[in-house]
Amino acid sequence: MSDHIKKMLRITEPSLKIIDISYETIKNRQIIVIKANFSPNQKSCPNCGCTARNQFGNPSIVKNGKKCVRVRLDQYNHLPTIMKLFKQRYRCKECSSHWTAQSSLVEKRCSIGYHVKFKIMDLLKEKCSLTLIAKLCHVSIPTVIRILKGLGAYIPNPKTSHLPTVLMVDEFRSHASLEDKMSFICADGETGKLVDILPTRKLNRLTHYFMENPSRMNVRYLVTDMNAAYDQLTKRVFPNAKVVIDRFHIIKHLNKSFQDFRIKEMKRIAMTKNKEA
Ligand SMILES: [Zn+2]
């Protein structure tokens with residue numbers, strides 16, 4: 001039965017045995033509690049390296065009680081699920097060191113299982129708020145933020161990455177930082193590949209950011225809208241680049257001007273008609 005439940009929960013740890021499943025009510029919410037034993041065979045001592053049995057065939061490593069930890073698993077049938085994991089403790093007779101078995105379900109000194117962490121990472125790819133992710137995974141918002149920040153280590157540092165010959169820059173409304181409601185985005189003009197997103201478009205911050213990148217001399221064209229700030233940015237940090245105003249922004253400005261003129265005219269006509277009436 002234990003193996004079937006493990007298969008259902010996608011637990012592959014061979015030394016983990018499920019012993020009981022029950023319901024508990026915590027903070028007026030029903031949760032599933034899975035009790036499990038985790039007692040893998042130890043081949044050697046992690047401290048002195050001696051084998052499980054000594055030269056006379058007697059055990060060098062002995063079991064020494066159990067440690068109970070609570071591991072947060074992914075929800076099952078809309079119910080939060082936790083595992084009360086009884087981890088085996090061991091003692092080495094040779095060096096008198098103690099240690100606890102470490103399962104592949106959860107990171108050391110962490111109570112949130114890998115299944116939940118992977119679910120959070122998966123949801124972070126979607127267009128949904130951190131609050132919603134925290135609610136769906138039954139964790140706190142700081143936990144979601146911590147996992148998000150942890151992913152930063154796997155992203156190459158854009159400050160030292162190679163800047164393209166054609167650099168497209170623009171801004172968008174994001175409210176990512178308190179100092180500026182607009183964020184800055186830049187991409188490769190030839191491949192369309194994203195280079196970086198910064199939480200602010202303020203000129204001094206952008207200057208500081210690009211100054212740190214030695215490949216800024218490679219930039220030949222800075223494609224942008226009609227924002228005068230980017231002209232200053234080019235002069236400061238991209239001495240070999242020319243500013244190119246992209247067609248999208250020219251058309252956008254033309255459209256806006258036509259639209260403003262049309263509204264003005266409509267209002268004027270309406271006013272004239274009212275006066276005549
Ligand atoms: Zn030892």
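Leu-148 is partly exposed, with a relative accessible area of 39% (buried means under 20%, exposed over 50%, partly exposed in between; 1.4 Å probe, protein chains only). Leu-148 sits in helix 4 (residues 141-150); helices (H or I, at least four residues) and strands (E, at least two) are DSSP runs, numbered from the N terminus. Between Leu-148 and Ser-97 there are 51 residues of separation along the chain, and their C-alpha atoms are 37 Å apart.

The model is predicted: local features need pLDDT of at least 70, side-chain atom pairs count only at pLDDT 80 or more, and totals for chains, interfaces and linings use all residues. Residues are numbered from 1 along each chain as its sequence is written, and side-chain values use heavy atoms, with hydrogens and water left out.

A contrasting pair involves strand 1 (residues 16-26), which holds Ile-18. Ile-18 is buried, at 11% relative accessible area. Ile-18 and Leu-85 are 67 residues apart in sequence, yet 9.0 Å separates them in space, C-alpha to C-alpha.

The zinc ion has four protein donors: Cys-45 (SG), Cys-48 (SG), Cys-92 (SG) and Cys-95 (SG). They lie 2.2 to 2.3 Å from the ion. Donors are N, O and S atoms within 2.8 Å of the metal (3.2 Å for Na, K and Ca); water is not among the atoms, so sites may look incomplete. The donor atoms subtend angles of 106 to 114° around the zinc ion, so the arrangement is tetrahedral (four donors, all angles between 85 and 135 degrees). Along the chain, the donors follow the spacing C-x2-C-x43-C-x2-C. Cys-45 lies in the loop between strand 2 (29-38) and strand 3 (61-76), and Cys-95 in the loop between strand 4 (79-92) and strand 5 (98-100), so the pair ties together parts that are 50 residues apart in sequence. Cys-45 is buried, with a relative accessible area of 3%. Cys-95 is partly exposed, at 27%.

The domain assignment gives domain 1 (2-110), domain 2 (112-155) and domain 3 (166-245); such bounds come from an automatic or database domain assignment. The C-alpha centres of domain 2 and domain 3 are 29 Å apart.

The second largest pocket holds about 320 Å³ of space. Its lining has 13 residues, and the closest to its centre are Ile-26, Ile-31, Arg-72, Ile-82 and His-138. A pocket is found on a 1 Å grid over the protein atoms alone, as an open set of points where a 1.4 Å probe fits, with protein on both sides within 12 Å along at least five of seven lines; lining residues have an atom within 4 Å of a point. Grid points are joined across faces, edges and corners, and the volume is the space filled by probe spheres set on the points. Domain 1 and domain 2 both give residues to the lining of this pocket, so the pocket lies between them. Strand 2, strand 3 and strand 4 each supply at least two lining residues. Strand 3 gives the largest share, three residues. By class, the lining has seven nonpolar, two polar and four charged residues.

Two asparagines have positive phi. Asn-28, in the loop between strand 1 and strand 2, has phi near 60°. Asn-28 is exposed, at 81% relative accessible area. Asn-77, in the loop between strand 3 and strand 4, has phi near 50°. Asn-77 is also exposed, at 63%. Most residues other than glycine have a negative phi.

Note on methods: Tetrahedral: all angles 85-135°; square planar, octahedral: opposite > 155°, others 65-115°. Nonpolar A, V, L, I, M, F, W, Y, C, P; charged D, E, K, R; others polar.
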